[in-house]
Amino acid sequence: MNARSGGDPLAEFVTPTVFGDLREDDSLLVGYREVTPLELTPAAIVRFDLYRAYLYLILLIENGPRQYPEEEYARVRDLATVWLTRVLDRLSVRRGF
C-alpha cells in the first residue's frame with residue numbers, strides 16, 4: 001500500500017527493520033523519499049512503534065498454535081521480547097504512561 005491507496009507507508013518499513021531501528025539515513029527510507037516525501041515526525045515515530053509492537057506480539061503469540069522447534073524459535077523469541085520491551089518503553093515515555 002501507499003499513501004494514495006490509503007495505507008500508511010510507515011507500515012512498509014516495519015518488516016525490513018524488524019530487529020533494528022529505522023534511521024534517517026537508512027537506504028530503504030532514502031530510496032522511498034526519492035519517490036514520495038515521508039518525514040519521521042514524532043507522531044510518525046509513535047505510529048511506527050505501534051506497528052512494530054504489533055509485529056513483535058505476532059511473533060511471540062504465533063508460537064502457541066504453531067509450536068516452533070525451540071532451537072529454531074529461541075533467537076526470534078528472545079529478539080522479539082527485547083525489541084517489544086524497548087518499543088513499549090519508548091511509547092510509555094512519549095505518551096507519559
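The following exercises with worked solutions concern a predicted model.

**Exercise 1. Helix α2**

Compare the reach of helix α2 with its expected span, and identify its buried residues.

Solution. Helix α2 covers residues 42-61, which gives 20 residues. The expected span is 1.5 Å times one less than the number of residues. From the first C-alpha to the last, the helix reaches 28 Å, close to the expected 28 Å. For burial, the criterion is a relative accessible area under 20%. The buried residues in α2 are Ala44, Val46, Phe48, Asp49, Arg52, Ala53, Leu55 and Tyr56.

**Exercise 2. The salt bridge of Asp8**

Determine which residue pairs with Asp8 in a salt bridge, and classify the exposure of both partners.

Solution. The partner of Asp8 is Arg47, with the closest N and O atoms 2.6 Å apart. Asp8 lies in the segment before α1 and Arg47 in helix α2, so this pair ties together parts that are 39 residues apart in sequence. Asp8 has 18% relative accessibility and therefore counts as buried. Arg47, at 34%, counts as partly exposed.

**Exercise 3. Asp49 and its network**

Locate the two partners of the salt bridge between Arg94 and Asp49, and state which residues belong to the network that includes them.

Solution. The side chains of Arg94 and Asp49 meet at 2.7 Å, N to O. This pair links distant parts of the chain: Arg94 belongs to helix α4 (residues 70-95) and Asp49 to helix α2, 45 residues apart. Arg94 is partly exposed, at 39% relative accessibility, whereas Asp49 is buried, with a relative accessible area of 2%. Through salt bridges that share partners, Asp21, Asp49, Arg52, Arg90 and Arg94 are joined into one network. The structure holds 9 salt bridges in total.

**Exercise 4. The surroundings of Arg33**

Place Arg33 in the secondary structure, and list its contacts beyond four places in sequence.

Solution. Arg33 is in helix α1, which comprises residues 27-33. Its relative accessibility of 27% makes Arg33 partly exposed. Leaving aside residues up to four places away in sequence, Arg33 touches Glu24, Leu38, Glu39 and Leu40.

Note on methods
Residues are numbered from 1 along each chain as its sequence is written. This is a predicted model: local features need pLDDT of at least 70, side-chain atom pairs count only at pLDDT 80 or more; totals for chains, interfaces and linings use all residues. Side-chain values use heavy atoms; hydrogens and water are left out. Helices (H or I, at least four residues) and strands (E, at least two) are DSSP runs, numbered from the N terminus. Buried means under 20% relative accessible area, exposed over 50%, partly exposed in between (1.4 Å probe, protein chains only). Contact means heavy atoms within 4.5 Å. A salt bridge is a side-chain nitrogen of Lys or Arg within 4 Å of a carboxyl oxygen of Asp or Glu.
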